[in-house]
Amino acid sequence: MDRLGLTAPPRPRVRTIGLTGGIGSGKSTVAQQLVACGTHLVDTDAIARALTLPGGRAMPALTSAFGPEAITADGALNREHMRQLAFADPAVKARLETILHPLIGEEARRQAAQATGLTVTFDVPLLTESGHWRARVDRVLVVDCSEATQIARVALRPGWDAAGARRVVAQQATRAARRAIADAVIFNDGMTLATLADEVRSLWQHWTAVR
Ligand code: ATP
């Protein structure tokens, strides 16, 4: 009697997507392709940068935690100095995250609340490592590629080389750990940007279709 399936309970449409992947995997590229599909993007890396610019909301707490040597002459966080300290000392990394993560979460929520589209995508490079994001999004999309491809892409950036890229890859969550929390994985290796965009569009249609 119900050939059209009209009496079946409708499946809820995906409203929030957590987008993650290792350094150089192609997150930002996929994020922009999702924007082209119609999502509202909340970029947590951009939020972290804004919080640590001169006058940024994290600066008073960071200054009292790490002292004047962690601050540049114009009052921003000395990112290179902090990167090196955090790399060498897990306690510094933990302290930095204790200050930044709640502020990033608060600003991400504020931006999401202002979104006008049907779907919000949170670009969270450390989603796998941070734990609490998984429960805050309807779906997790992981952009994956081989470590060799990650290193080759990152080594092309100004100021980077293969050894530096390898060190960051080794410090991040493993590919297996990321895949373990994924609802969908895009393997962005050896495919053109146009093919990647096709995959992103297909997934978007699948996740946002009214059923
Ligand atoms: P990060 O973690 O450092 O922010 P990311 O994961 O956001 O990096 P992108 O910046 O999107 O990665 O991609 C890294 C580089 O690789 C960029 O120059 C991008 O244009 C290129 N790239 C990504 N995917 C492809 C692809 N399928 N074909 C060609 N180039 C690609």
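## Ligand contacts

An oxygen atom of the ligand lies 3.2 Å from a polar backbone atom of Gly-24. This is a polar contact (a pair of N or O atoms within 3.5 Å). The model is predicted: local features need pLDDT of at least 70, side-chain atom pairs count only at pLDDT 80 or more, and totals for chains, interfaces and linings use all residues. Residues are numbered from 1 along each chain as its sequence is written, and side-chain values use heavy atoms, with hydrogens and water left out.

Lys-27 places a polar side-chain atom 2.6 Å from an oxygen atom of the ligand. Asn-188 has a side-chain N or O atom 2.8 Å from a nitrogen atom of the ligand. On its own, the ligand has 630 Å² of accessible area, and the protein covers 70% of that. Accessible areas come from the Shrake-Rupley method with a 1.4 Å probe.

## The shell around the ligand

The ligand is surrounded by 14 residues. The closest are Lys-27, Ser-28, Thr-29, Arg-157 and Asn-188. Helix 1, residues 27–37, gives the most to this shell, with three residues. Helices are DSSP runs (H or I, at least four residues), as are strands (E, at least two), numbered from the N terminus.

By class, the shell holds eight polar, three nonpolar and three charged residues. Asp, Glu, Lys and Arg count as charged; Ala, Val, Leu, Ile, Met, Phe, Trp, Tyr, Cys and Pro as nonpolar; the others, Gly among them, as polar.

## The largest pocket

The ligand sits in the largest pocket: more than half of its atoms lie within 2 Å of the grid points. A pocket is an open set of points on a 1 Å grid over the protein atoms alone, with protein on both sides within 12 Å along at least five of seven lines; lining residues have an atom within 4 Å of a point. This pocket holds about 1600 Å³ of space.

Its lining has 49 residues; Asp-45, Arg-83, Pro-125, Leu-126 and Gln-172 lie nearest the centre. Helix 5 gives the most to the lining, with seven residues. By class, the lining has 20 nonpolar, 17 polar and 12 charged residues.

## The cavity

The whole structure has one cavity of 30 Å³ or more. In a cavity, a 1.4 Å probe fits but cannot get out. The largest cavity holds about 40 Å³ of space. Among its lining residues are Gly-22, Ser-25, Asp-144, Arg-175 and Arg-178. Strand 4 gives the most to this lining, with three residues. The lining divides into three nonpolar, three polar and three charged residues.

Conventions. Near = heavy atom within 4 Å. Polar contact = N/O pair within 3.5 Å; in protein donor to acceptor, adjacent residues only side chain to side chain. Points joined across faces, edges and corners; volume = space filled by probe spheres on them.
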